[in-house]
Amino acid sequence: MDVFLLLACKRGDEGALARIIDKYAAYVSTVVYNIIGASMTREDVEEVASDVFYAFWRNVDKTTAPKLKSYLGRIARNKAINKLRGFRDDLPFEDDWVSVFEPSSEEALSEREERMRVRKALSEMEETDRRIFLLYYYDCFSVADIATKTGMSTEAIKKRLVRGRTKLQ
């Protein structure tokens, strides 16, 4: 069914887009909420979900995704992460990050110490490994995208990610 809806969208059928929205709006909203959660309002979640379907519609002619649900999920994840980045206005692992759950002083101290350990471990990584690690875990690039970006094989990227996780443990 999704294949036919996707083909209809590629032909400019707005009714097919409406059916896709009806079918996947709850899923997209859940993906967005799971990323931005309580750090933003319900309206922000709805705005990002709308942005997902707008981006889908705008780029539908370039879409070759075999599974529409996973494709929309990836767009939702990227849009939510971008929204969070704009909302936080800071770099990853910053000391002055404030938890949206307002932890107790002890929890806040523990979180700060953990961020410091992660930052230290990242600073001790080889530059290439650190870049790959941050592209994958912070910027949410796929292994294939990182391989293309760095000119390395996907197997090399996977091995470097495994080494990076081992170092962080």
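Predicted model: local features only at pLDDT ≥ 70, side-chain atom pairs only at ≥ 80, totals over all residues.

Residues are numbered from 1 along each chain as its sequence is written, and side-chain values use heavy atoms, with hydrogens and water left out.

Helix 8. I took helices as DSSP runs of H or I, at least four residues, numbered from the N terminus. Helix 8 covers residues 154-168, and at 1.5 Å a residue its 15 residues should span 21 Å; I found the end C-alpha atoms 21 Å apart, which agrees. The expected span is 1.5 Å times one less than the number of residues.

I looked up burial next (buried is under 20% relative accessible area, exposed over 50%, with a 1.4 Å probe and protein chains only). I157, R160, L161 and G164 are the buried residues of helix 8. They fall within an arc of 105° seen down the axis, so they line one face of the helix; the arc is that of the directions from the helix axis to the C-beta atoms. K159 and T166 are exposed on the other side. The cover over the buried residues includes helix 6 (127-137) and helix 7 (143-150), with contact meaning heavy atoms within 4.5 Å.

Second largest pocket. I read off a lining of 15 residues, with R74, I75, N78, K79 and N82 nearest the centre. Helix 4 gives the most to this lining, 8 residues.

Conventions:
Helix = DSSP H or I, 4+ residues; strand = E, 2+ residues; numbered from the N terminus. 1 Å grid on protein atoms, 1.4 Å probe; cavity = no way out; pocket = protein on both sides within 12 Å on 5 of 7 lines; lining within 4 Å.
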